[in-house]
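Let's take a walk through this one together, chain by chain. Have the sequence and the 3D view open side by side as you read.

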Amino acid sequence: MIDVLTEHWSEFSSGWWVTVQIIAGSFGIAMVVGTFVAAFRIAPNKWLQRLGGLYVEVFRNIPLLVLLFISFAGLRRAGVDIGPWVAGIASLGLYTAAYVAEALRSGVFSVGKGQIEASLSLGFSYAETLRRIVLPQAFRTVIAPLGSLTIAMIKNSAIVGVSLLALPDLLKQARVVSARTFQTDETFFWAAVGYIILTGAATLIFRALEKRFAIAR
Amino acid sequence: MSDQNLVELQGIHKAFGDNVVLAGVDLSVARGEVIVIAGPSGSGKSTMLRCVNGLETADRGEITFDGRPVKPGKGLSALRAEIGFVFQQFHLFPHMSVLDNIVLAPVKVKGIARDAARTRGQELLERVGIAEKAHQFPAELSGGQQQRVAIARALAMDPKLMLFDEPTSALDPEMIREVLDVMRDLAREGMTMLVVTHEMGFAREVCDRLVFIDGGLIVEEGPPAEFFANAQSERAREFVDKIIHH
Ligand SMILES: Nc1ncnc2c1ncn2[C@@H]1O[C@H](COP(=O)(O)OP(=O)(O)O)[C@@H](O)[C@H]1O
Ligand SMILES: [Mg+2]
C-alpha cells in the first residue's frame with residue numbers, strides 16, 4: 001500500500017503543492033472579489049446592486065467546468081491565451097466569490113440597522129460604516145459558512161487539474177501514477193489522503209477563527 | 001454666530017406612506033438649553049429627534065444646526081460628528097472593547113492621535129463611573145453600564161448637542177438612576193440636550209423646557225413645573241395624570 005506513495009513521492013508531493021497553490025490563489029480571489037460583490041449588492045445605489053446581483057447569478061449558474069473551458073480553451077481560440085494557471089485560479093476564485101458574496105450578504109443582514117445608525121451618528125460615512133462596522137461583524141458571523149465554502153473550493157480544485165491538462169495538480173498526478181502502475185485503488189487512496197489533509201487543515205483553521213472572533217451579543 | 005440658536009426646526013413634515021408622523025413642527029433650541037420631549041407612544045418623538053441629525057429626512061420644512069442646514073449630502077457626516085445620539089437600545093459595537101467603542105470615531109473621524117484618544121476615553125469612562133470596564137466587551141456589561149458607555153462614546157466626539165431617544169426605557173428599574181445621574185451632570189455642565197423620555201422626575205428636576213408632542217404636532221411647551229401644574233390641552237392633562245399617578 002505505502003510503496004505506491006514512496007515510489008512516486010515526487011509526483012504526489014509536487015501535485016499536492018500545485019493543488020495548495022491553486023487553492024491559495026483562488027481563496028484570495030474569492031475573498032477579495034466576494035467582499036466587493038457583497039458591498040455592491042448592499043450599496044445604496046441600484047446600479048451597483050444590479051451589477052453585484054448579475055455577478056452572483058452569472059457565476060452561480062454556470063458550471064465550474066464550463067467556466068474552465070471558456071477561460072482556457074475558449075479564450076485561447078479567440079486569441080487570448082492566459083495560460084492554465086491564470087485560467088484555473090481565476091475560474092475557481094471567481095466562481096467561489098459568488099458564494100462568498102452571498103454568505104457575506106446574509107452576514108450583513110444579520111447586523112442590525114441600529115449598528116449602522118450608531119456609526120452614521122458618530123460622523124462616519126456610509127462607506128466607512130460598511131468597512132469599519134458592518135463588514136467586520138458580517139465576517140465574524142459567517143466564519144462557519146465561509147469554512148464550508150472553502151472546503152467545497154478545495155474539492156473543486158480537483159476539477160481544475162482534471163480539465164486543464166497542463167496543470168499537474170494532485171488529482172492529475174494521481175492519474176499519471178495510476179496509469180503507470182495500474183495500482184488504481186492505492187493511488188487514489190493516497191490522493192484522497194492529500195485532499196483530507198487540506199480540508200482538515202481548513203476545518204481546524206476556521207474553527208479556531210470562530211473561537212477567536214465570535215461575537216457575543 | 002454664537003448668540004443664534006443651536007438648532008432650528010421650521011415646519012417639519014414627515015410621513016411614512018399614508019402615515020403622517022410630523023405635521024408641521026417648529027422648535028428652537030438655545031445653546032445650553034435642556035429640552036425634554038414627551039408625548040404618547042407613536043406621536044412622532046423619535047422621528048423628530050432623528051430628523052435633527054439627519055437619520056430621517058423631512059418631507060418638508062427646514063432644520064438648521066449651528067447655522068448650517070441639516071440635509072442629505074456631503075456635509076451631513078460632518079454635522080453628525082458634532083451631534084451625539086444616544087439610542088434606547090445602546091447600539092454599542094459588539095466586536096470591539098468598551099474603550100475601542102469610544103476611541104473609534106475620535107481617531108477615524110476627527111483624526112485625533114490614538115494615545116490621546118485613549119486617555120480621553122478612559123477619562124470619560126471614569127466620568128460615567130465605569131473606568132474598570134474599559135477592556136471588556138459590551139455583552140459583558142449590564143444594560144445601565146452599556147448605556148453609560150454609549151453616552152461616553154458620544155461625548156468623546158465633543159458634541160455641541162446631545163440627542164437622547166428614551167435612553168432608560170430598555171433598562172431595569174434599578175439601572176435607570178445611574179444613567180439619569182450621568183445625564184443630569186451633563187446638563188449641569190451646560191450641554192445642550194434634547195431628551196425624549198418618560199422620566200418625568202428627570203424632566204421636572206433637570207430640563208429648562210418641556211415640549212409635549214401629540215399627533216405629530218407640538219401641543220404644548222413651557223417650563224416643566226408649569227406643564228405639570230396646569231397643562232392647557234386635554235391630551236397633555238391626560239398624559240400628566242397617567243404618568244404621575246400610575
Ligand atoms: N421607518 C419607519 N417606517 C414606517 N413607519 C415608521 C418608521 N418610523 C416610525 N414610523 C411610524 O411613525 C410613527 C411615529 O413613530 P415614532 O416617531 O417612533 O414615535 P414615538 O417615538 O413618539 O413613539 C409610528 O406610527 C411609527 O409606526
Ligand atoms: Mg420612540
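**Two chains, one walk-through**

The secondary structure of chain B comes to 9 helices and 10 strands, where helices (H or I, at least four residues) and strands (E, at least two) are DSSP runs, numbered from the N terminus. Chain A, on the other hand, has 10 helices and 0 strands, and its pattern along the sequence reads α-α-α-α-α-α-α-α-α-α.

Before going further, some housekeeping. This is a predicted model, in which local features need pLDDT of at least 70 and side-chain atom pairs count only at pLDDT 80 or more, while totals for chains, interfaces and linings use all residues. Residues are numbered from 1 along each chain as its sequence is written, chains are lettered from A and ligands numbered from 1 in the order in which they are written, and side-chain values use heavy atoms, with hydrogens and water left out.

Let's start with the overall build of chain B. Its C-alpha atoms fill a box of roughly 55 × 45 × 35 Å along the principal axes. A compact globule of 246 residues would have a radius of gyration near 18 Å, and chain B has 18 Å, so the two agree; the radius is taken over C-alpha atoms, and the globule rule is 2.2 Å times the number of residues to the power 0.38. Of the 246 residues in chain B, 56% are buried. Here buried means under 20% relative accessible area, exposed means over 50%, and partly exposed lies in between (1.4 Å probe, protein chains only).

Chain A spans about 70 × 45 × 20 Å along its principal axes, going by the C-alpha trace. Buried residues account for 48% of its 217 residues. Take the contacts in chain A between residues at least 6 apart in sequence: 75% of them join residues at least 24 apart, with contact meaning heavy atoms within 4.5 Å. For chain B, that share is 65%.

What about the surfaces? The accessible surface of chain A comes to about 10,600 Å², and 68% of that belongs to carbon and sulfur atoms. For chain B the total is about 10,600 Å², with 47% belonging to carbon and sulfur. These areas come from the Shrake-Rupley method with a 1.4 Å probe, and for residues only the protein chains shown count as cover. As for charge, the mean positions of the 19 positive and 12 negative charges of chain A are 13 Å apart, while those of the 27 positive and 35 negative charges of chain B are 5 Å apart. Lys and Arg count as positive and Asp and Glu as negative, with His and the chain ends not counted; each charge is placed at NZ of Lys, CZ of Arg, CG of Asp or CD of Glu.

Now zoom in on the strands of chain B. An open sheet is formed by 4 strands in the order S2-S1-S4-S5, with antiparallel pairing; two strands pair if DSSP finds at least two bridges between them. Strands S2 (19-29) and S5 (68-69) of chain B stand at the edges with a single partner strand each, so one side of each has no neighbour in the sheet. Further in, S1 (residues 7-16) and S4 (residues 60-65) of chain B pair over 5 bridges, and Leu9(B) stands opposite Ile63(B) in S4(B).

Elsewhere, S6(B) and S7 (residues 161-165) of chain B pair in the parallel sense over 4 bridges, with Val86(B) opposite Phe164(B). Both faces of S6 (residues 83-86) of chain B are covered: Ile83(B) and Phe85(B) on one side and Gly84(B) and Val86(B) on the other are all buried.

Next, a look at Met200(B), which is found in helix H7 (residues 200-206) of chain B. Met200(B) is buried, with a relative accessible area of 7%. Leaving aside residues up to four places away in sequence, Met200(B) touches Ala38(B), Leu210(B), Phe228(B), Phe239(B) and Ile243(B). One of these, Leu210(B), stands opposite Gly222(B) in S10(B).

Most residues other than glycine have a negative phi. Phe182(A) is not a glycine, yet has a positive phi of about 60°; it is exposed, with a relative accessible area of 70%. Asp158(B) has a positive phi of about 50° and is partly exposed at 46%.
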